[in-house]
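Reader: I am new to this structure and would like to understand the words used for it. Could you take me through them?

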Amino acid sequence: MSRPRFWDPDGTKFGVPTYPWRLAPDGLATRAQLRAAGLRPGGQAIAAQILWRSRRARGGIRAAYLYRIDHAKPVRPMTPGKRAALTKAMAARRTCPNCRIDAGYCIPRSLGMCVPCAFPDDEQRAA
């Protein structure tokens, strides 16, 4: 039986220890997995990577970087100033620049305005 294509636990071929999909050792996690656990990498270097083939990727290969869980730090708490800034930013994304009304959803960038402003004729037909 041959070994998997991306099996390089020593890092000789890829420069960093590399594992195929779902075969990474315990004690390593991706950024998303750390975040779900309430942790962040905290400035540590990449400990390993996972490589897999994907039709979506430009070169046909995708990568996920792994960090050591024992070196991860807790996520910084949200400050009142940061929370206020995020609230203002989300309000700006929901406000139509044409009619200045809060649409209740993020304005599509493809339209640049709320749906009723983008398609005013559709409202008259629906009524």
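Author: Gladly! Helices (H or I, at least four residues) and strands (E, at least two) are DSSP runs, numbered from the N terminus. Thr 18, for instance, lies in strand S1, residues 18–20. Please keep in mind that this is a predicted model, where local features need pLDDT of at least 70, side-chain atom pairs count only at pLDDT 80 or more, and totals for chains, interfaces and linings use all residues. Residues are numbered from 1 along each chain as its sequence is written, and side-chain values use heavy atoms, without hydrogens and water.

Reader: Why is Thr 18 called buried?

Author: Buried means under 20% relative accessible area, exposed over 50%, and partly exposed in between, with a 1.4 Å probe and protein chains only. Thr 18 has 0% relative accessibility, so Thr 18 counts as buried.

Reader: What makes the link between the side chains of Thr 18 and Gln 49 a polar contact?

Author: A polar contact is a pair of N or O atoms within 3.5 Å; within protein, one must be able to donate a hydrogen and the other to accept it, and residues adjacent in sequence count only if both atoms are side-chain atoms. The side chains of Thr 18 and Gln 49 are joined at 3.0 Å, so the distance is inside the 3.5 Å limit.

Reader: How do you know that S1 and S4 pair?

Author: Two strands pair if DSSP finds at least two bridges between them. S1 and S4 run parallel and are joined by 3 bridges, so they meet that condition. In this pairing, Tyr 19 stands opposite Ile 50 in S4. S4 also pairs with S5, in the antiparallel sense, over 6 bridges. There, Ala 48 has Leu 66 in S5 as its bridge partner.

Reader: Why is S4 described as largely enclosed?

Author: Of the 6 residues of S4, 5 are buried, so the strand is largely enclosed by the rest of the structure.

Reader: What makes a group of residues here a nonpolar core?

Author: The term stands for a set of buried Ala, Val, Leu, Ile, Met, Phe, Trp, Tyr and Cys residues joined through side-chain atoms within 4.5 Å. The largest such core has 7 residues: Tyr 19, Leu 28, Ala 48, Ile 50, Trp 52, Ala 64 and Leu 66. Strands S4 (48–53) and S5 (61–68) each give two or more residues to this core, and the largest share, 3 residues, comes from S4.

Reader: Why is the pair Arg 68 and Asp 70 called a salt bridge?

Author: A salt bridge is a side-chain nitrogen of Lys or Arg within 4 Å of a carboxyl oxygen of Asp or Glu. Arg 68 and Asp 70 meet at 2.7 Å, N to O, so they qualify under the 4 Å limit. Arg 68 is partly exposed at 35%, whereas Asp 70, at 55%, is exposed. Asp 102 and Arg 94 form a salt bridge too, at 3.4 Å. The whole structure has 2 salt bridges.
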